[in-house]
Amino acid sequence: MPRTAPNMTAATSTQKIRVVVAKPGLDGHDRGAKIIARALRDAGMEVIYTGLHQTPEQIVETIVQEDADAVGLSILSGAHMTLVPKIVELLRAQGIDDVVVTVGGTIPADDIPQLKELGVAAVFTPGAPTQEIIDFLVSAVGEREPR
Amino acid sequence: MAQTPDDEQSPEQDWREAFEATPEREVPFTTLSGTPVEPLYTEADLPDDVAGQIGFPGQYPFTRGVYPSMYRGRLWTMRQFAGFGSAEETNERFHYLLDHGQTGLSTAFDMPSLMGHDSDSPLSLGEVGREGVAVDTVEDMTTLYKGIDLGEVSVSMTINGPAAIMLAYYVVAAERDGVPPQQLAGTIQADILKEYIAQKEWCFPIDPAMRIMGDMIEWCSQQMPRWHPVSISGYHIREAGSTAAQELAFTLKDGLTYIEQAVERGLDVDDFAPRLSFFFNAQIDFFEEIAKYRAARRIWARELKETFGAKNPKSLLMRFHTQTAGVSLTAQQPLNNVVRTAIEALAGVLGGTQSLHTNSYDEALALPTEDAVRLALRTQQIIADETGVASTIDPLGGSYFVEALTDKIEAEAYEYFKKIDELGGMVAAVKANYPQREIADASYELQQEIDSGRRVVVGVNAYTEGDGGQTALHRSDPAMERGQVDRLNAVRAGRDSAAVESSLAKLREAAAREGANLMPLLIDCTRTDASEGEIVQALQDVFGRYTESPVF
């Protein structure tokens with residue numbers, strides 16, 4: 001099967017957006033997370049994929065260590081209203097308020113306003129085109145105050 | 001074939017000329033898995049030895065079905081997968097489904113149960129009873145099937161990493177109800193290889209996990225003659241984004257690997273092969289799916305007969321459960337999912353499935369509501385009782401297209417077998433991330449096709465107007481988690497802790513000893529009311545844990 005080789009040799013520019021793609025909680029559905037990770041990488045971003053079954057503490061630690069501009073949380077287990085607030089809280093506790101937090105997965109429409117109130121910048125539900133996610137990150141990271 | 005005079009073209013040549021004179025629509029004529037599809041199939045596309053390759057239903061190589069009478073004798077089992085909240089809530093849903101004409105039960109466990117964590121573990125926070133039922137101790141298992149005669153109804157349990165523990169719970173729950181293991185009928189998924197390949201719910205590293213599974217198969221072959229100790233599953237491989245051929249090849253290779261292991265342990269292939277069963281996905285590409293099931297039966301029969309020398313005719317039968325594709329459901333315009341599910345279910349039926357789960361239309365949004373589940377069950381009943389498709393066996397047998405696709409997908413599966421053998425077998429291939437990478441590549445390619453609009457998904461990248469409606473969704477009870485933790489604590493308070501400790505110590509000791517079968521020890525731990533998390537922890541003390549190095 002032909003594969004699109006990831007462009008790993010491109011010069012790493014300091015302008016490159018650094019994104020952590022994370023799988024909080026216990027759910028093992030990683031098709032979406034891996035597709036997004038690869039699409040963002042192919043779009044020229046620096047992608048750190050945490051792998052599965054991460055605790056909120058582990059995810060926040062990765063965001064800090066990797067000095068990420070954005071994080072994409074992929075949740076298909078229905079635990080988003082527990083896990084997302086916890087992650088946002090831990091980020092705040094570390095004094096981090098400029099990381100763009102996005103959520104993807106099976107998120108009922110009724111929960112989206114609450115997630116946004118918490119500070120989630122965007123929620124992508126099944127069927128969201130990868131280009132829409134790329135465009136969103138480019139614009140949201142670009143609009144932040146310069147660090 | 002009739003002779004054609006030299007100056008005249010054959011009807012086929014006439015057709016081709018006329019066909020080529022008409023411009024084609026600008027879409028890719030490929031299956032969902034990327035296989036090119038010809039405009040027309042003819043007799044020339046049938047295998048040379050049609051009779052030998054297709055045969056008769058219930059006869060080698062079983063392309064047309066595993067039983068001589070198929071649905072003329074008995075319809076497939078309508079088996080809706082259910083599980084949410086507490087054991088008590090799920091038990092109510094089971095009674096509801098049985099009252100509405102369902103003929104078997106299928107149990108979905110929550111994520112903490114699938115990963116071997118108790119409900120009070122910090123890792124379980126927010127996940128208790130969410131995606132399935134929470135089971136911590138044998139008490140929960142007893143509540144789960146309360147009022148259901150376990151000697152009569154066949155019960156399926158979808159759990160893998162801690163499957164041997166859940167089977168021990170089930171055996172002890174039935175024992176307390178007066179039903180011995182010999183009478184229990186049903187299936188436990190217990191397909192551990194596909195966890196590392198696709199579903200990603202594990203408790204232990206691969207080698208000890210294979211051993212625990214082998215222990216369970218061996219014990220079942222001696223104690224539970226009506227039980228299917230493993231359901232070799234392609235479903236999750238497909239949901240992870242594989243092609244149809246990958247689903248077929250990786251699943252069958254997993255199955256062949258379990259047989260190799262059991263034979264190495266000294267079991268006779270005919271003692272357990274008849275109890276193996278399969279579980280496949282039904283995706284939206286109608287003919288490709290039907291071809292996949294037909295090829296699967298043929299490959300399995302051939303491998304069992306020729307590679308393993310099985311003598312019992314039942315060993316050759318690839319019997320399978322089908323579930324429509326969750327991954328094909330869209331959050332946009334959810335009612336469209338009713339139609340997708342009906343078509344996928346029809347493919348499963350025309351492919352000769354033994355049992356079927358139809359997804360509910362609201363499942364891209366949340367767990368299904370009761371109304372949505374009933375509609376999904378009704379979909380099967382309409383296929384069974386109104387459409388007439390169950391009146392004749394393998395109605396597509398002999399179709400030029402379906403037979404050609406069946407041959408094609410079979411050949412692709414054998415190419416994968418060859419690659420896996422070159423890597424040193426399936427366990428080595430999984431450790432080398434080979435199937436994981438193949439699936440990730442296939443899923444990425446399909447997503448690119450959809451994103452670019454080359455492949456249409458109705459309501460998602462075409463015909464997107466009209467998604468304004470509200471869908472009533474299932475809501476989890478926020479007090480549920482607390483209640484489950486209270487129940488677990490009550491069990492802990494009421495048991496003899498010295499007995500628990502001693503049973504866990506014996507389990508650790510046996511785990512450290514090669515050749516000891518762990519099943520009887522797991523049953524002993526269950527009888528002391530040890531929790532799932534405690535048992536898994538005891539085994540992890542010896543075996544360690546598994547961490548994936550993900551490929552994407």
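Among contacts in chain B between residues at least 6 apart in sequence, what percentage join residues at least 24 apart? For chain B of this predicted model, that share is 76%.

**The whole chain**

Let's start with the overall picture. Chain B is built with 22 helices and 10 strands. Its radius of gyration is 24 Å, close to the 24 Å that the globule rule gives for 552 residues, so chain B is as compact as a globular protein of that length. Here are some values for the chain as a whole:

| Property of chain B | Value |
|---|---|
| Box filled by the C-alpha atoms, along the principal axes | roughly 95 × 60 × 45 Å |
| Radius of gyration | 24 Å |
| Buried share of the 552 residues | 52% |

**One helix up close**

Now look at helix α13 of chain B, which covers residues 286-307. With 22 residues at 1.5 Å a residue, α13 should span 32 Å, and the end C-alpha atoms are 31 Å apart, which agrees. Just after α13(B) comes B:Gly309, with a positive phi of about 60°.

**A residue in a loop**

Next, find B:Glu514 in the loop between α20 (497-512) and α21 (519-527) of chain B.

Definitions and conventions:
Residues are numbered from 1 along each chain as its sequence is written. Chains are lettered from A and ligands numbered from 1 in the order in which they are written. This is a predicted model: local features need pLDDT of at least 70, side-chain atom pairs count only at pLDDT 80 or more; totals for chains, interfaces and linings use all residues. Helices (H or I, at least four residues) and strands (E, at least two) are DSSP runs, numbered from the N terminus. The radius of gyration is taken over C-alpha atoms; the globule rule is 2.2 Å times the number of residues to the power 0.38. A residue is buried if 20 or more other C-beta atoms lie within 10 Å of its own, exposed if 12 or fewer, and partly exposed in between; C-beta atoms are placed from the backbone. Two residues are in contact if their C-beta atoms, placed from the backbone, lie within 7 Å. The expected span of a helix is 1.5 Å times one less than its number of residues.
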